[in-house]
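Here is a quick briefing to read alongside the model. Keep the structure open and click through the residues as they come up.

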Amino acid sequence: MEYTFENVFTFDNLYKAYLDCCKGVGWKYSTQKYKINAMANLAKTYQELHNQKYKSKGFYVFTLRERGKTRTIKSVHISERV
């Protein structure tokens, strides 16, 4: 099978990716918010990809201190993970 843009970025594949990236993070507010309008969010992403209008939203950057160490975290929004 030859991998082309059209057969990789199908709506079905986006939906499967959405289900996979929600595993283990379903408790997070951002994930729950995305899930409420999942089909509309996926349709928007699909259209943006196919119309070559998709733009990355960048990272959420925050500082976390645990076990005596401070770390800067760069987190990707769920729509980016899909």
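Tyr-54 counts as partly exposed, at 30% relative accessibility (buried means under 20% relative accessible area, exposed over 50%, partly exposed in between, with a 1.4 Å probe and protein chains only). This is a predicted model, so local features need pLDDT of at least 70 and side-chain atom pairs count only at pLDDT 80 or more, while totals for chains, interfaces and linings use all residues. Residues are numbered from 1 along each chain as its sequence is written, and side-chain values use heavy atoms, with hydrogens and water left out.

**Around Tyr-54 and Ser-79**

- Tyr-54 sits in the loop between H4 and S1 (helices are DSSP runs of H or I with at least four residues, strands are runs of E with at least two, and both are numbered from the N terminus).
- Leaving aside neighbours within four places in sequence, Tyr-54 is in contact with Thr-45, Glu-48, Leu-49, Ser-79 and Glu-80 (contact means heavy atoms within 4.5 Å).
- Tyr-54 and Lys-44 are ten residues apart in sequence, and their C-alpha atoms are 9.3 Å apart in space.
- Ser-79 is part of helix H5, and at 6% relative accessibility Ser-79 counts as buried.
- With neighbours within four places in sequence set aside, Ser-79 is in contact with Tyr-34, Tyr-54 and Lys-57.
- Ser-79 and Arg-67 are twelve residues apart in sequence and 30 Å apart in space, C-alpha to C-alpha.

**Helix H2**

- Helix H2 covers residues 11–22, and its twelve residues should span 16 Å at 1.5 Å a residue; the end C-alpha atoms are 17 Å apart, which agrees (the expected span is 1.5 Å times one less than the number of residues).
- Leu-14, Tyr-18, Cys-21 and Cys-22 are the buried residues to look for in H2.
- Those residues cover an arc of only 100° around the axis, which puts them on the same side of H2 (the arc is that of the directions from the helix axis to the C-beta atoms).
- Turn to the face of H2 away from its buried side and you'll find the exposed residues Asp-12 and Lys-16.
- Cover for the buried residues of H2 includes helix H3 (29–36), helix H4 (38–50) and helix H5 (78–81).

**Thr-31 in helix H3**

- Thr-31 belongs to helix H3, and Thr-31 is buried, with a relative accessible area of 0%.
- Apart from neighbours within four places in sequence, Thr-31 is in contact with Cys-22, Val-25, Gly-26, Ile-78 and Arg-81.

**Helix H4**

- H4 has 13 residues and reaches 18 Å from its first C-alpha to its last, close to the 18 Å expected at 1.5 Å a residue.
- Ala-38, Leu-42, Thr-45 and Leu-49 are buried in H4.
- Seen down the axis, the buried residues of H4 fall within an arc of 60°, so they line one face of the helix.
- Exposed residues Ala-40 and Lys-44 are on the face of H4 turned away from its buried side.
- The buried residues of H4 have cover that includes helix H1 (5–8), H2 and H3.

**Positive phi angles**

- Most residues other than glycine have a negative phi.
- Gln-52 is not a glycine, yet has a positive phi of about 55°.
- Gln-52 lies in the loop between H4 and strand S1 (59–66), and counts as exposed at 73% relative accessibility.
- Arg-67, also a residue other than glycine, has a positive phi near 55°.
- You'll find Arg-67 in the loop between S1 and strand S2 (69–76), and at 80% relative accessibility Arg-67 counts as exposed.
- Gly-24, which follows H2, has a positive phi near 85°.

**The largest pocket**

- The largest pocket has a volume of about 280 Å³ (the space filled by probe spheres set on grid points, which are joined across faces, edges and corners).
- Of the 15 residues that line the largest pocket, the closest to its centre are Tyr-34, Asn-41, Lys-57, His-77 and Ser-79.
- A pocket here is an open set of points on a 1 Å grid over the protein atoms alone, where a 1.4 Å probe fits, with protein on both sides within 12 Å along at least five of seven lines; lining residues have an atom within 4 Å of a point.
- H3, H4 and H5 each supply at least two residues of the lining of the largest pocket.
- By class, that lining has five nonpolar, five polar and five charged residues (Ala, Val, Leu, Ile, Met, Phe, Trp, Tyr, Cys and Pro count as nonpolar, Asp, Glu, Lys and Arg as charged, and the others, Gly among them, as polar).
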